[in-house]
Amino acid sequence: MNDLLLKAARREPVDRTPVWFMRQAGRYLAEYRAIRANHSMNEMCSTPELAAKVTLQPIDLFPELDAAIIFSDLLVIFPPMGIHLEYTAGEGPVLDPPLKSVGDFEKLREINPEKDLAPTLDAIRIVRRELDGRVPLIGFAGAPFTLASYLVEGSSSKNFLKTKTLMTSEPELWGKLMTRLAETTTGFLLAQVAAGAQMVQVFDSWVGALSPDDYREHALPYTRRIFEGLRGCGVPTVHFATGTATLLELMGEAGGDVIGVDWRIPIDEAARRLPGKAIMGNLDPALLFSPLPILEKKVDEILDRMKDHPGHIFNLGHGILPGTPPENVRAVARRIHAR
Ligand code: CP3
């Protein structure tokens, strides 16, 4: 089996840097769009055969990839909690009703991942069987702040105004909500490991909107609960967020064997500030639209900056953007193989 990913996550020596891409299954692939044309996002996430099929698309198209990531979404936990979720073409996800009060919190259902999130767990079992050891399979879920932002705003957000206002003006409700979200994510990730996920990633995509003081007080304790809950689960853990140049040390404190960083910070600086951690990410997803020589130069720069650091997983600093030329995804993976 190709276990480069798991070795790098444990900071063991590897012959070559492993590479995978966040959102490697998605709209930039014609093969994905062909299936998506006939199914809603909710249907794709809740039909194990469909989720398994699109998970495997990038692996079959790009044998250079060193990992698969299960096709699902951060927000799949919300419908079983009693929140209506729809993905709209223009605005992204819409959650209804958004959480405004203690009363809304009390109405949230406590979920049982084995039962309520069975389609994702079944998709993991199918993919493990079909991969047959070709590459490891990554499971994932959301960190409490990023999940809370969708639940409180009811959609994607730029300023996180409602979320931050709830956080500062209703600390007790905030604590209850964040605790519930941390417990939900921990249970979901442990169930994914039991179903066959070989590494798990916690996405805190939007936590870079917080100052270090607010992160320390209002987000870190809850994210730490997740990593404490995963201790001893037997698989490496990844803690990913964007906009974290001022938060890196605190993120490391919250947990994760691997810390995922975006492109706003030099990767070797992140590595220096996170002793003992493996590092993932850093290539700006927008660069995948650039001419190949420029793209390859950036790939080389990241590899050069990390050549003496044990534990490097090549990835983008955030997910692949729709419209990305698939041949450039392949070119990045090939460049890494060629070194
Ligand atoms: O990486 C992978 O290939 C696995 C699939 C994956 C999806 N979502 C599928 C998806 C993963 C890892 C996610 C995580 C996710 N979901 C995050 C964290 C990563 C990040 O991008 O910050 C977030 C914030 C979400 C919530 C979410 N899901 C939003 C805001 C949107 C709408 C914006 C968009 O990109 O369309 C989604 C929808 C979504 N999740 C799509 C996919 C492939 C697009 C749905 C479609 O086909 O129309």
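A backbone N or O atom of R23 lies 2.5 Å from an oxygen atom of the ligand. That is a polar contact, meaning a pair of N or O atoms within 3.5 Å. The ligand sits in the largest pocket. This is a predicted model, in which local features need pLDDT of at least 70, side-chain atom pairs count only at pLDDT 80 or more, and totals for chains, interfaces and linings use all residues. Residues are numbered from 1 along each chain as its sequence is written, and side-chain values use heavy atoms, with hydrogens and water left out.

**Ligand**

- R27 has a polar side-chain atom 2.6 Å from an oxygen atom of the ligand.
- In the side chain of R36, an N or O atom is 2.7 Å from an oxygen atom of the ligand.
- The ligand has 860 Å² of accessible area on its own, and the protein covers 89% of that. Such areas come from the Shrake-Rupley method with a 1.4 Å probe.
- Ala, Val, Leu, Ile, Met, Phe, Trp, Tyr, Cys and Pro count as nonpolar, Asp, Glu, Lys and Arg as charged, and the others, Gly among them, as polar.

**Largest pocket**

- The largest pocket holds about 1,300 Å³ of space. A pocket is an open set of points on a 1 Å grid over the protein atoms alone, where a 1.4 Å probe fits, with protein on both sides within 12 Å along at least five of seven lines. A volume is the space filled by probe spheres set on the points.
- Its lining has 50 residues (an atom within 4 Å of a point). R23, R27, D73, Y150 and H318 are the closest to the pocket centre.
- The lining of the largest pocket has 26 nonpolar, 17 polar and seven charged residues.
- α2 (30–36), β2 (84–88), β3 (92–96) and α9 (144–153) each supply at least two lining residues. Helices (H or I, at least four residues) and strands (E, at least two) are DSSP runs, numbered from the N terminus.
- α9 gives the largest share, three residues.

**Second largest pocket**

- The second largest pocket has a volume of about 320 Å³.
- It is lined by 16 residues, and V14, R16, T17, M306 and K307 are the closest to its centre.
- This lining splits into seven nonpolar, four polar and five charged residues.

**Backbone details**

- D96 and P97 are joined by a cis peptide bond, with omega about -5 degrees. P97 lies in the loop between β3 and α6 (102–107).
- F160 is not a glycine, yet has a positive phi of about 55 degrees. F160 is in the loop between α9 and α10 (161–169).

Technical notes:
A polar contact is a pair of N or O atoms within 3.5 Å; within protein, one must be able to donate a hydrogen and the other to accept it, and residues adjacent in sequence count only if both atoms are side-chain atoms. A molecule sits in a cavity or pocket if more than half of its atoms lie within 2 Å of its grid points.
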